[in-house]
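Good morning. Please look at the structure on the screen, and I will go through its pockets and then one of its sheets.

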Amino acid sequence: MAKSKSRDNFHELAFPVKGINTDMGYGKQPAGTTPEGVNCRAYDALDRQRGGSRPGFSKFISTRVNRPNAVQLLDYIPDTTIYSPGNAEKMNANRTIRLFAVAGGVAYYGFNGSWTTATLAAAPNAPTLSSTVAVMRSAYNSLVLFMVDGTNYNYYSTPINTLFKWTATAGTLPVDTNSKPCRLICTWRARTVLAGLPGDPNNWFMSAVYQGEGVGGGIDWDYAPATTTVTQAVSGNNAPAGLCSDIITALVPYSDDILLLGGDHTIWAMHGDPMNGGRIDLVSDRVGMAWGDAWCKDPFGTVYFMSNQGNIYTMVPGQKPVKLSGSIDNLLSVLEMDEINVRLQWDENLQGFHVYTTPLATAAVCTHYFWERRTGAWWKDEFANVSHNPLTCVNFDGNSPSDRVSLFGGWDGYVRGWDVGVADDDGYDIASSVVLGPMLTASFDDLILKDMQAVMGEESGEVTFEVLVGRTAEEALSSEAVVTGTFDASRNLTTPVRRAGHAIYIRLSSTNQWAMEGIRTLLANGNKVRRRGA
């Protein structure tokens with residue numbers, strides 16, 4: 001915020017690298033923040049902290065998974081040939097990572113730029129994938145991808161590229177009294193963990209530990225074998241650790257020793273294996289977790305999640321959750337939590353995480369968010385094509401740089417990836433905008449913006465500027481522009497303005513990829529404000 005102390009003075013307006021902040025008074029905008037920021041980032045495409053438009057995304061595989069259906073599930077699976085035999089110098093030579101996707105109730109794997117339909121097992125092991133549920137969930141455990149969709153249990157065997165109906169070889173998979181299966185799944189300590197039974201929402205279930213024989217861990221569900229072992233299957237209603245006292249809404253396998261159980265209004269931590277002295281401890285009795293996969297973890301071990309109230313928290317096990325979204329809570333408060341699918345996705349290339357808030361009923365306009373770790377900045381993300389809005393996502397970690405990318409599947413059946421080298425959203429312009437200011441005085445005097453000069457990035461696209469003035473900062477922000485024009489790449493000519501007001505903003509907007517170095521403004525104090533009226 002600029003505060004004029006002399007008759008004329010120069011002031012440089014920098015990009016608000018600390019992102020959106022909407023929890024303060026309009027005239028008390030914290031330094032380095034902005035009241036509005038859509039499709040922007042503090043770090044530009046060259047990874048320099050100078051500010052500009054966000055990167056775009058493009059198709060990772062050029063064809064749809066299953067036209068015209070939305071992508072219900074997206075995951076990755078390592079191939080069975082991990083190392084190059086006899087070549088210790090190239091241990092990744094034969095390493096292959098494949099995508100796995102479900103769309104319209106049909107399973108596919110993606111490899112070498114195309115989709116191939118997964119082979120279906122014959123009866124009585126024939127799988128059934130729902131074509132109507134919007135979102136499925138999966139967990140990889142020892143060459144097998146286990147799947148839940150709230151209607152069926154299925155698994156995909158990587159070595160033989162075959163999809164099977166998931167049944168237990170010992171015991172039975174958990175269902176409620178209405179024969180409904182679990183809807184939450186993860187892998188922890190080589191066990192496949194299930195929860196989210198509609199008729200038994202406080203319970204959790206774990207398969208026997210996979211010990212290298214037969215199908216990967218997730219087949220043995222015998223809670224009472226002839227000989228009790230620490231590796232046998234176990235559930236909340238037959239373990240010393242007991243049931244969760246809250247409805248389980250999320251499973252977060254934090255480490256080999258800690259499994260976080262998100263609740264409707266609480267968070268619990270399971271410490272240690274429940275068949276070997278494990279216990280469940282209360283982490284928070286004030287904050288819960290949103291349903292499903294509304295969480296992610298960064299490389300440093302910090303967990304980020306959306307709460308049951310729609311706020312974003314950060315947490316390290318052993319400590320209480322800390323709110324991260326205080327500066328944008330009023331934006332998140334409008335979310336209809338029962339109508340959207342919330343996914344958080346850590347993006348190593350962009351050094352932050354995405355918060356996807358895609359409607360479940362149909363492709364529709366919505367706002368997503370991105371948090372930049374290096375600056376702590378929040379930004380709004382909006383897509384011009386509503387069919388691009390993500391329903392599911394995965395971080396792909398192939399061998400080549402182009403295969404290490406954060407991917408997501410949308411309503412139109414394509415899988416796309418974020419790419420700092422792409423200037424549009426798969427052919428659609430990125431409409432970015434940010435507001436700089438307000439510029440005002442501490443004494444409520446009028447302020448005159450005489451002129452300004454912008455220095456943009458050398459490769460920056462054209463940017464439209466608007467000068468907004470008003471008797472208050474709030475009025476100025478919502479006012480019509482009094483001066484408009486464009487900034488081009490590099491150093492621009494000085495633009496005369498000569499407009500006065502108590503508060504002055506400059507809004508930048510563009511559909512091009514752009515970056516700014518700074519804007520030099522020439523300010524002067526005007527006449528004293530008529531404090532008793534207009």
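In this predicted model, 34 residues line the largest pocket, and those nearest its centre are D75, Y76, W295, V394 and N395. The space in that pocket comes to about 1100 Å³. If you wonder how one finds such space, rolling a probe the size of a water molecule over the atoms shows where it is left empty.

What kinds of residue make up the lining of the largest pocket? By class, 18 are nonpolar, 7 are polar and 9 are charged. Several strands supply at least two lining residues each, among them β6 (71-78), β21 (248-253), β33 and β34. Which strand gives the most? That is β33, with 6 residues.

Now the second largest pocket, with a volume of about 490 Å³. It is lined by 21 residues, and R137, W291, M337, I340 and L360 are the closest to its centre. Here β29 provides the largest share of the lining, 3 residues. The classes are 12 nonpolar, 4 polar and 5 charged.

Back to β33, this time as part of a sheet. The sheet is open, has 4 strands in the order β5-β35-β34-β33, and its pairing is antiparallel. At the edges are β5 (56-59) and β33 (390-397), each of which pairs on one side only. On average, neighbouring strands of this sheet are turned by 35° against each other, direction ignored.

In general, strands of a sheet pair through backbone hydrogen bonds. Between β33 and β34 (residues 404-410), which run antiparallel, there are 7 bridges. One to find on the screen is that of T392, whose bridge partner in β34 is G409.

Note on methods. Residues numbered from 1 in each chain as written. Predicted model: local features only at pLDDT ≥ 70, side-chain atom pairs only at ≥ 80, totals over all residues. Heavy atoms only, no water. Pairing = 2+ DSSP bridges. Axes fitted to C-alpha atoms, helices over the stretch in contact; angles between N-to-C directions. 1 Å grid on protein atoms, 1.4 Å probe; cavity = no way out; pocket = protein on both sides within 12 Å on 5 of 7 lines; lining within 4 Å. Points joined across faces, edges and corners; volume = space filled by probe spheres on them. Nonpolar A, V, L, I, M, F, W, Y, C, P; charged D, E, K, R; others polar.
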